[in-house]
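Dear colleague,

Please find below the structure that I am handing over to you, together with its sequence. My findings follow directly after it.

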Amino acid sequence: MARYEIHGGNPLNGTVTISGAKNAAVAILPAALLVSGKCRIENVPDISDVRIMMDILEGVGAKILVSSDGTVEIDCSGVQCTRPDTELVRKMRASYYLMGALLGRFGKAHVALPGGCNFASRPIDQHIKGFLALGAEVDETAEYVALTPGEEGLRGNRISMDMASVGATVNIMLAATLIPGQTIIENAAKEPHIVDLANFLNTMGARITGAGTDTVKIRGVNALRGGTYAIIPDQIEAGTYMAAVTAAGGNVLVQNVIPKHMDCITSKLQEMGARVINYDDSIRIIRTGKLRQTTVKTRPYPGFPTDMQAQVCVCMALANGVSRLTESVYETRFFGYCTELESMGANIWINGKTALVTGVEKLYGSTVCAHDLRAGAALVIAGLAAEGTTYVEHIHFIERGYENLVEKLTALGANIRRLED
Ligand code: EPU
């Protein structure tokens, strides 16, 4: 299997351009199922999760044209199949958006349960609660979810979610866009990609308000028309490069970002000693001195993202003093990378939802294994900051979500290459 070889110790300098947001792209591409006509979607990242989603959509009959500049033209007018390929669906998490999108377009769907990064138990009860509230009949087994219209048909409804789930908010928005009546999602997730999905759907003619607040209202429309839309920059990819500079040192301009989306990450990296300068759509991050300990608790947006937990842990591992890192979204996420970091010399003590990270002078190169996407990104950062050579294995996880990682880091002066086996 392919792996990364990283000779650590080089500070990062130069400019990196952030790609379109993975978690927006994997919601917006299936949303095209709701559109009668051609959608031109720009800034689509070339990553394996996006490629799998496009394969799934082509499998149900979508016509897709991908350009080398990240533009995807997708026409789902001819789609008739409501049962996407099981093998492909199991390759990624966000394939569960096929449920909402197919239910919204055809009133029925038969979708295998998703795969993807299994760093925690990831139930979909809130998605199901939403579909039921919209009038669907749900047949859920250990293998698949089948949705059909209930006796009274599909109609808008008020849904109060038990937790602010990103996936359930997206799925309910997708399902509700074309069904009659008004749907109100209370305790909705507020992540930037929820707003991006709403903006995409509204550009195509949907009537969605409140995205980005905890109450999203969707007034069903008869049809959506084609159009052009550009996906937002990836908050987590940007945060990952910022954490890499914080850990390895250097001076990097991170361009194509929405600085507001980065505030929760920026303020923690500043507390640790990084200097951050915000511009309109770029951020300069500089780290020269020693890092200081800090306290981080992951929370839904606008809090510190769970998808940045592992990357900030690497910074903590190199900071003076004892940092406290608390996970409040996915309790078991530490297990994906802390042991690997310890093999590089990190000092981490996990007690339930909290990790106490005692900073060490140096990390040392080692052979480590990525267990999920963000854990893998953290190990790359650790390798960049470490003394000696690090081999990161299972990089297919990393390539789910980071476009041209090796090329982008190499351009910043990192000594990293992808070894094929
Ligand atoms: N939850 C439930 N029931 C549900 C749905 C969620 O109990 O029906 C719980 C989860 O177990 C978790 C919390 O609610 O404790 C939040 O889960 P959420 O549904 O918000 O997460 P998700 O939609 O499965 C998305 C991202 C993840 C990211 C989380 C949290 C996508 C495709 N995935 O997952 O991204 O960690 O939100 O922000 O948008 C990643 O990019 O590496 C990644 C894992």
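A charge patch, as the term is used here, is made of residues that have over 30% relative accessible area and no salt bridge, with like charges joined within 9 Å. Please note that this is a predicted model.

By that rule, D125, E137, D139, E140, E151 and E152 form a patch of negative charge on the surface. Strand β7, residues 136-140, supplies the largest share of this patch, namely three residues. Another member, E152, sits in the loop that runs between β8 (144-149) and β9 (158-160). E152 has a relative accessible area of 70% and therefore counts as exposed.

As to the overall form, the protein chain contains 13 helices and 23 strands. A compact globule of 421 residues would have a radius of gyration near 22 Å, and the 21 Å of the protein chain agrees with this. Along the principal axes, the C-alpha atoms fill a box of roughly 65 × 45 × 40 Å.

Of the 421 residues, 59% count as buried. Helix α10 (residues 309-317) is mostly covered, with nine of its nine residues buried. Among them are Q309, V312, C313 and C315.

The count of salt bridges comes to 17. In one of these, D49 pairs with K22, and the closest N and O atoms are 3.9 Å apart. D49 belongs to helix α2 (residues 48-59) and K22 to helix α1 (residues 22-31), so this pair ties together parts that are 27 residues apart in sequence. Both D49 and K22 are buried.

A further salt bridge links K38 with E73, where the closest N and O atoms are 4.0 Å apart. Because K38 lies in strand β3 (residues 35-42) and E73 in strand β5 (residues 72-75), the pair ties together parts that are 35 residues apart in sequence. E73 is partly exposed, its relative accessible area being 25%.

R40 forms a salt bridge with E42, and here the closest N and O atoms are 3.5 Å apart. R40 is partly exposed at 32% relative accessibility, and E42 is likewise partly exposed, with a relative accessible area of 26%. Through salt bridges that share partners, K38, R40, E42 and E73 are joined into one network.

With kind regards

Note on methods
Residues are numbered from 1 along each chain as its sequence is written. This is a predicted model: local features need pLDDT of at least 70, side-chain atom pairs count only at pLDDT 80 or more; totals for chains, interfaces and linings use all residues. Side-chain values use heavy atoms; hydrogens and water are left out. Patches are made of residues with over 30% relative accessible area and no salt bridge: like charges are joined within 9 Å, nonpolar side chains (Val, Leu, Ile, Met, Phe, Trp, Tyr) within 5 Å. Accessible areas come from the Shrake-Rupley method with a 1.4 Å probe; for residues, only the protein chains shown count as cover. A salt bridge is a side-chain nitrogen of Lys or Arg within 4 Å of a carboxyl oxygen of Asp or Glu. Lys and Arg count as positive and Asp and Glu as negative; His and the chain ends are not counted. The place of a charge is taken as NZ of Lys, CZ of Arg, CG of Asp or CD of Glu. Helices (H or I, at least four residues) and strands (E, at least two) are DSSP runs, numbered from the N terminus. Buried means under 20% relative accessible area, exposed over 50%, partly exposed in between (1.4 Å probe, protein chains only). The radius of gyration is taken over C-alpha atoms; the globule rule is 2.2 Å times the number of residues to the power 0.38.
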